[in-house]
Amino acid sequence: MSHRYDDISFAAFSKEMVLSFHHAVLPNLLCERVQGFLLDLCQDLKENGCQFIGHIKVLLKNDQGRFYFFSVTSFDQFPACKGNITKEISRITLTMNVIVYGLPESQVSILVNKKLQNINQFIENTKGG
Amino acid sequence: MKLIVIAGFLGSGKTTLILSVATILAHQRRLKVAIIENEIGEIGIDNQYLEMEGLKVKEIQSGCICCELSYDLLETIDKVKNSFNPDVIIIEPSGVANPERILEVLQHSKLDIHQKKVVVVIDANRFSAILALKLPFVQGSFRVADLVVINKIDGLKEGVLDTVTRAVKELAVHSKILPLSAIQGYGLNELMESIE
């Protein structure tokens, strides 16, 4: 399924999940590794036929109400990160929204879900970036 | 009550711009500001982000306020007005909304809106790629824009801003055009003068 507004289709994916880490992660490392994760995700989307990124957004929020916000709008762009987390993190809530053109929603869902299955290892640096 | 619609394609920087505008209105001008957020996707992120920055946000989710949720928009404005009585309401439509349709919806409302401004935000870096998608709502947005903000001008390659500005002038014949960097704060003073 895709959404249609003005006869143009796009695929949307949303997910919220809690991430817990075996060892607390420093804020700057968390930021870098989520950026690496997003670069990897964009590459996967592109290789599978995604033509255009509408917007990929990730919000990481800790129990103290502090956050990191990530945004990607192009395959060529390094993911932007802003936020105010100052202490190391062992547990955080991730919310993700993906809106892309050129792929059916079912495929986007499979691709992003598969990628998110490995996000813990990605952030704890036991896999990939 | 004043109403500002800050529209634009996905990823154009609407939320960052709204954060700057709302912060100036609330903290420097001492106005009561409410934001109505409409986002594509089942879980809203922009509303959470703006709330964490200390702003008052009402979310309209799971659809688009220019079409299937147009009634929800009017109802939400009404509720916000009655519960919070803001001086200014800022509406952020989803990045696939047609601002022309939003204005039609607002024109049919009985709300006491004494001033209405439509700001259309574009991403200078992606403007030509987005135009190439030939999205009717993108073209349509320029017809109703009081102001077109060419955002993300920081770090642009030489000549890009001139090219984008020329293209915008052809599409938004009656609109004021303002180059800006919401993230760096360039052009914000001029923007505030235009919408206040």
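This is a predicted model: local features need pLDDT of at least 70, side-chain atom pairs count only at pLDDT 80 or more; totals for chains, interfaces and linings use all residues.

Visitor: What makes H1(A) and H2(A) roughly antiparallel?

Guide: Helix H1 (residues 27-47) and helix H2 (residues 105-117) of chain A pack at an angle of about 150°, with their axes 10 Å apart. Angles over 145 degrees count as roughly antiparallel. H1(A) is therefore roughly antiparallel to H2(A). Their crossing is right-handed.

Visitor: Which residues meet between H1(A) and H2(A)?

Guide: H1(A) brings A:Phe37, A:Asp40, A:Leu41, A:Asp44 and A:Leu45. H2(A) brings A:Leu111, A:Val112, A:Lys115 and A:Leu116. By class, this contact has 6 nonpolar, no polar and 3 charged residues.

Visitor: What is the make-up of the contact of H3(B) with H4(B), by class?

Guide: Start with the residues. B:Ser70, B:Leu73, B:Leu74 and B:Ile77 in H3(B) meet B:Ile102, B:Val105 and B:Leu106 in H4(B). That contact has 6 nonpolar, 1 polar and no charged residues.

Visitor: How do you know that H1(B) and H8(B) are roughly perpendicular?

Guide: H1(B) and helix H8 (residues 188-195) of chain B pack at an angle of about 70°. The range for roughly perpendicular is 65 to 115 degrees. The pair is therefore roughly perpendicular. Their axes are 11 Å apart, and the crossing is right-handed.

Visitor: What makes the contact between H1(B) and H8(B)?

Guide: From H1(B) come B:Leu17, B:Ser20, B:Val21, B:Ile24 and B:Leu25. From H8(B) come B:Leu188, B:Leu191, B:Met192 and B:Ile195. By class, this contact has 8 nonpolar, 1 polar and no charged residues.

Visitor: Which residues are closest to the centre of the largest cavity?

Guide: Of the 17 residues that line it, the closest are B:Gly8, B:Phe9, B:Val121, B:Val138 and B:Ser141. Strand S1 (2-8), strand S5 (115-123), helix H5 (127-132) and helix H6 (136-144) of chain B each give two or more residues. By class, the cavity lining has 13 nonpolar, 3 polar and 1 charged residues.

Visitor: What is the volume of the largest pocket, and what lines it?

Guide: The largest pocket has a volume of about 690 Å³. It is called a pocket because the set of points is open. Its lining has 35 residues, with A:Ser71, A:Thr73, B:Gly11, B:Gly13 and B:Lys152 nearest the centre. Elements giving two or more residues include strand S4 (67-72) of chain A and helix H1 (14-28) of chain B. By class, the pocket lining has 10 nonpolar, 15 polar and 10 charged residues.

Visitor: What is noted about the phi of B:Lys152, and where does B:Lys152 lie?

Guide: B:Lys152 has a positive phi of about 65°, although it is not a glycine. It lies in the loop between strand S6 (147-151) and helix H7 (160-171) of chain B. B:Asn85 is also not a glycine, and has a positive phi of about 45°. B:Asn85 is in the loop between H3 and strand S4 (88-92) of chain B.

Definitions and conventions. Residues are numbered from 1 along each chain as its sequence is written. Chains are lettered from A and ligands numbered from 1 in the order in which they are written. Side-chain values use heavy atoms; hydrogens and water are left out. On a 1 Å grid over the protein atoms alone, a cavity is a set of points where a 1.4 Å probe fits but cannot get out, and a pocket is an open set with protein on both sides within 12 Å along at least five of seven lines; lining residues have an atom within 4 Å of a point. Helices (H or I, at least four residues) and strands (E, at least two) are DSSP runs, numbered from the N terminus. Ala, Val, Leu, Ile, Met, Phe, Trp, Tyr, Cys and Pro count as nonpolar, Asp, Glu, Lys and Arg as charged, and the others, Gly among them, as polar. Contact means heavy atoms within 4.5 Å. Grid points are joined across faces, edges and corners, and a volume is the space filled by probe spheres set on the points. Axes are lines fitted to C-alpha atoms, for helices over the stretch in contact, and angles run from 0 to 180 degrees between N-to-C directions. Angles under 35 degrees count as roughly parallel, over 145 as roughly antiparallel, 65 to 115 as roughly perpendicular and the rest as oblique. A crossing is left-handed if the near helix is turned anticlockwise from the far one by less than a right angle, and right-handed if clockwise.
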